[in-house]
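Good morning, and thank you for coming.

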Amino acid sequence: MRNGLVGIGSVLVSASMAICGCANYGSGASGGGGATGNGGSRAAGGGSAGVPHPAGTSACTNVAVCGGDIVGTWNVTSSCLSVTGQLNVSLIGMACGSVPVTGSLQVTGTWTANSDGTYTDHTTTTGTEEFTLGSSCLVISSTPVDCLGAANIMTALGYTTATCTAANGGCNCSATVDQSGGFGQVSPLASGSGAYATAANVLKTDDTFAYAYCVSGNTLMLTPQTTITTTTGTVVMQRNGNSGSGGAPSTGGQPGSGGAPPTGGQPNLGGTLGAGGTPVTGGVTAAGGTPVTGGTRNAGGASITGGVTAAGGTTASGTTKSGPCDIYAAANTPCVAAHSTVRALYGNYNGKLYQVRRTDNTTKDILTLTAGGIADTAPQDTFCAGSTCVVTVVYDQSAKGNDLWYQGSTQVPASTSSTPAKATTESLNVGGHKVYSLYINPNNCYWHDGSKSGMPTGSQPEGMYMVTSGKHANSGCCFDYGNSEADRSADGAGAMDAINFSTTTAWGSGAGSGPWIMADLEYGLFAQGNNGKNSNDPTQTAAYVTAVLKNNGTTEYALRGADATVGSLSTYYKGALPGGWSPMKKQGALILGCGGDCCKPSGGANLSAGTFYEGAIVTGYPSDATEEAIQSNIVTAGYGK
């Protein structure tokens, strides 16, 4: 499916927001400059001094910038936000580009700046916004939608809920905001923690949100800065733990308490490595000669499933004697792409899984512990300690060279808003070892043109699976893994064949509220043979989910899935391709984390979110029995154990 056309910022940096202070705040520039006296008045008021100007009034003025030391914990004492201007809906692929928006927001809570350049954000931004969608807006990702579908995908912009009703050929919409973090700037990129920097009287968090600011005494005043429209007004905060003297924070006492978490974090890191070491030691005992004999049993052909079971006994040592791609190959449906940040997908693979890059632009490849084994993450923890690491590439284990580079790299040029995923957002245990997921947030996406390196094209049959998470998904278009367009454009029905995992209801959907396992076949997401709701496709709530898609290219496709830690696969749909999608017209590029026309240098960004642990793409149409053996292998790997 198609993605948005420009970068992301507040409401993704697209609406003009006027932010008001409280009644004590001066109405002119000199009043703003007299921050010390005004700050005292606010302190006396206790922060509950009302916000006398309703949101949207013109009494708010920008902060008179002066910079200053922001280290400390700050309590929001007043806020009054008015939202006006144009909402950039091209971010979600709407053909109309932008729509007028009005509304009001409020901010409460605390924000802490630590002396080491990190922050924690315990603020909450709430409010409502209203906008009108014309008829041209009801085409998303080159595909028509109704008002209900438009409302669902609008939540990918950072709204908590959205409701749209038909009016004058378009829709009248209302959205609610209840966002943690990212104070005063509505965005799916809002975070509760991260890095900040100050320069030239501007505070910047995570290289995403910017604020003009002034610290005077114990008062911090900020004006959010946007890149497309003008923001006016202020958010007012009071330094925590000081009754009247502003000296205490500047003496370093407050920064000292902020510095404690990094010091405490180091033992955590060491503890994790130590914990990881114990299973390895235990695994040596478990991995005695008997499992090797078990491997012979697998080779003896008693059954592929039997081989997987035999290999399960050695998982604790970080080895697996038979991987998913061995199972596929034995069934004459060989892997042409195999990716994982967690483990080897072949029993004899002992190469690179992925690469991390540090803030100083040095890189390190992360390998397996042993042939057929789990990722060796101890070197990554050492390499990334005290820095921020990102994942630049997930290597292809199939020897076809279908490595997935992040869009925005020199290998895959992309829009300036495209970025690599952070490397350490989520850690987990697999088979007793600490590993990391590829944690996709908006703006992250990985791609490779595999049309000349083994990927199925045209109507050739194809199968694929991935392990993802039911705990991290959104309605953005489109969290995909599979076959996509080689030109990164929406090229028509059947140009894609990829697993989609999302809560998107703009086209097809499943039972409940999602997320669901669906198929992105371009010009639509499908849970069955048409764009309707498939009540047999359940909401996936497990922490680890196996998602399976296969497509014979001419008449039939199937969707299957299961909890990746227990049980067998269920079939959610197996039947005819949608009308107009037969034969398929696959182009052979690989996509991970976004839709088919994401992130081109001319503009674009990914609004979807999801988690990727492992996955593979094969030629041919795998049997149900082969896929059951894959599921058994995944369960044996020990996700979350």
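The link of Cys-477 and Cys-478 is left-handed, with -70 degrees about the S-S bond. The sulfur atoms of this disulfide lie 2.0 Å apart, where a disulfide is defined as a pair of cysteine sulfur atoms within 2.5 Å. In general terms, a disulfide is a covalent bond between the sulfur atoms of two cysteines.

A word on the basis of these values: this is a predicted model, in which local features need pLDDT of at least 70 and side-chain atom pairs count only at pLDDT 80 or more, while totals for chains, interfaces and linings use all residues. Residues are numbered from 1 along each chain as its sequence is written, and side-chain values use heavy atoms, with hydrogens and water left out.

Are Cys-477 and Cys-478 buried or exposed? Cys-477 is buried at 6% relative accessibility, and Cys-478 is buried at 0%. Here, buried means under 20% relative accessible area, exposed over 50%, and partly exposed in between, using a 1.4 Å probe and protein chains only.

How many disulfides does the rule give? The count comes to nine. One of them joins Cys-384 and Cys-389, with sulfur atoms 2.1 Å apart. The torsion about their S-S bond is about -105 degrees, so this disulfide is left-handed. Both Cys-384 and Cys-389 are buried.

Cys-66 and Cys-214 also form a disulfide, with 1.8 Å between the sulfur atoms. Their link is right-handed, with 90 degrees about the S-S bond. Cys-66 is partly exposed at 41% relative accessible area, whereas Cys-214 is buried at 5%.
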